[in-house]
Amino acid sequence: MKINFEGEERKFKSVWFENNTVMLIEQRSLPEKLEFFRAKNSDDIAYAIKHMVVRGAPAIGVTAAFGLALARKNGENMEEAVEKIRSTRPTAFDLFKAIEFMKQNGFELNAAERYSQEVSGRCKKIGEYGNSLIADGSKILTHCNAGALAVVDWGTALAPMRVAKESGKTIFVFVDETRPRLQGAKLTAWELGQEGIEHVIIADNAAGYFMKKGDVNLAIVGADRICANGDFANKIGTYEKAVLAKENGIPFYVAAPGTTFDFSLKSGEQIPIEERDEDEVLVVNNKKIGPETSRARNPAFDVTPNKYVTGYITEYGIFRSDQLGDLQRKVQSDLFMRTEPLTK
Ligand code: MRU
């Protein structure tokens, strides 16, 4: 991704490995400051994932892959390292996919590098396929952050927008702020700004207003886990955006690489949903916003049924929910996705 760093345009990944350290963009400091988090062992990696230094399904997977390679290099107890990292966040399937991949490849650093390159390359393809859905002048709504920060590079939902912009199309993006952690307002808006893509931040509850007025003609979101039937988990609030899109006749697409598809789950009720600390809802700018005695609920994700999805944008092409059997066959015959040990 392009970032203006100390007055110069530079290219960055959100996660990489350097000098026996897993380097992460410290996403909690954005957009105010571009800072880096240096993970030196599996405890640091588990902390970074759990406390959302790094977040977004594919980026969590890549961080886990590098973290396990680091733990092995450090001579850590690998069973403990795996368990620590596995138990950080329950919803994003990429975490479990990456752990499996690393296990099958002896926790080697070159396997983690390969995993990272695959994820990034696959998201670039998502961008190319998704670009075919974007007409010049499109007004696109997105929720949360499914950009380069949430992957390694390119993004999932944001990849088609990057490619559209690079191919000379004019687009405009409505960015849901995404309460309670504001990934839209803080991260997506920052990424779009760095890429020079025109956008506005809207309150989460304003999406219906703009859709009904005819101001939005396409919605693209990312996913944390997609089931065999196409039901998918994504950031809390995605479900209501999907329902609103259908009600207003707006095409609603989900963009995700094969690593986010969990074909072992038949439907969305089987997806484990993370519930986070109530203070993420109750405390704003270090100040409690409700009465002292009020409690909060804070599910981090919701599940959108397949009937609201126009199509799934993947590295294999774009599929409707009734075509997911074809996608499953493609994923199953893809050597990387079968997480087979590397031969070279
Ligand atoms: O809680 P987060 O910030 O990890 O949630 C992220 C999302 O819901 C993203 O939309 C999803 O992981 C797709 S990222 C390419």
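**Close-ups of a predicted model**

**View 1. Who sits around the ligand.** Of the 19 residues around the ligand, the ones that come nearest are Arg55, Arg89, Asp224, Asn234 and Lys235. Keep in mind that this is a predicted model. Two elements, helix 2 (57-74) and strand 11 (232-235), each give at least two residues to the shell around the ligand.

**View 2. Polar side chains reaching the ligand's oxygens.** A polar atom of the Asn234 side chain lies 2.6 Å from an oxygen atom of the ligand. For Asp224, a polar side-chain atom is 2.8 Å from an oxygen atom of the ligand. Gln183 also has a polar side-chain atom 2.8 Å from a ligand oxygen. How much of the ligand's accessible area does the protein cover? On its own the ligand has 410 Å² of accessible area, and the protein covers 100% of that. The space the ligand takes up is the largest cavity.

**View 3. Helix 6, tucked inside.** Is helix 6 largely enclosed or left open? Seven of the nine residues in this helix (residues 158-166) are buried, so the rest of the structure largely encloses it. The buried ones are Leu158, Ala159, Pro160, Met161, Arg162, Val163 and Ala164.

**View 4. What helix 6 packs against.** After helix 6 comes Gly168, and its phi is positive, near 95°.

**View 5. Asn298, a buried residue in a loop.** Look for Asn298 in the loop that runs between strand 15 (287-288) and strand 16 (301-304). Asn298 has a relative accessible area of 3%, which is under the 20% cut-off, so it counts as buried.

View 6. The side chains of Asn298 and Glu280 are joined by a polar contact of 2.9 Å. Setting aside neighbours within four places in sequence, Asn298 is in contact with Pro180, Glu274, Glu275, Arg276, Asp277, Glu278, Glu280 and Val281.

Conventions
Residues are numbered from 1 along each chain as its sequence is written. This is a predicted model: local features need pLDDT of at least 70, side-chain atom pairs count only at pLDDT 80 or more; totals for chains, interfaces and linings use all residues. Side-chain values use heavy atoms; hydrogens and water are left out. Helices (H or I, at least four residues) and strands (E, at least two) are DSSP runs, numbered from the N terminus. Buried means under 20% relative accessible area, exposed over 50%, partly exposed in between (1.4 Å probe, protein chains only). A polar contact is a pair of N or O atoms within 3.5 Å; within protein, one must be able to donate a hydrogen and the other to accept it, and residues adjacent in sequence count only if both atoms are side-chain atoms. Contact means heavy atoms within 4.5 Å. A residue is near a molecule or strand if one of its heavy atoms lies within 4 Å of it. Accessible areas come from the Shrake-Rupley method with a 1.4 Å probe; for residues, only the protein chains shown count as cover. On a 1 Å grid over the protein atoms alone, a cavity is a set of points where a 1.4 Å probe fits but cannot get out, and a pocket is an open set with protein on both sides within 12 Å along at least five of seven lines; lining residues have an atom within 4 Å of a point. A molecule sits in a cavity or pocket if more than half of its atoms lie within 2 Å of its grid points.
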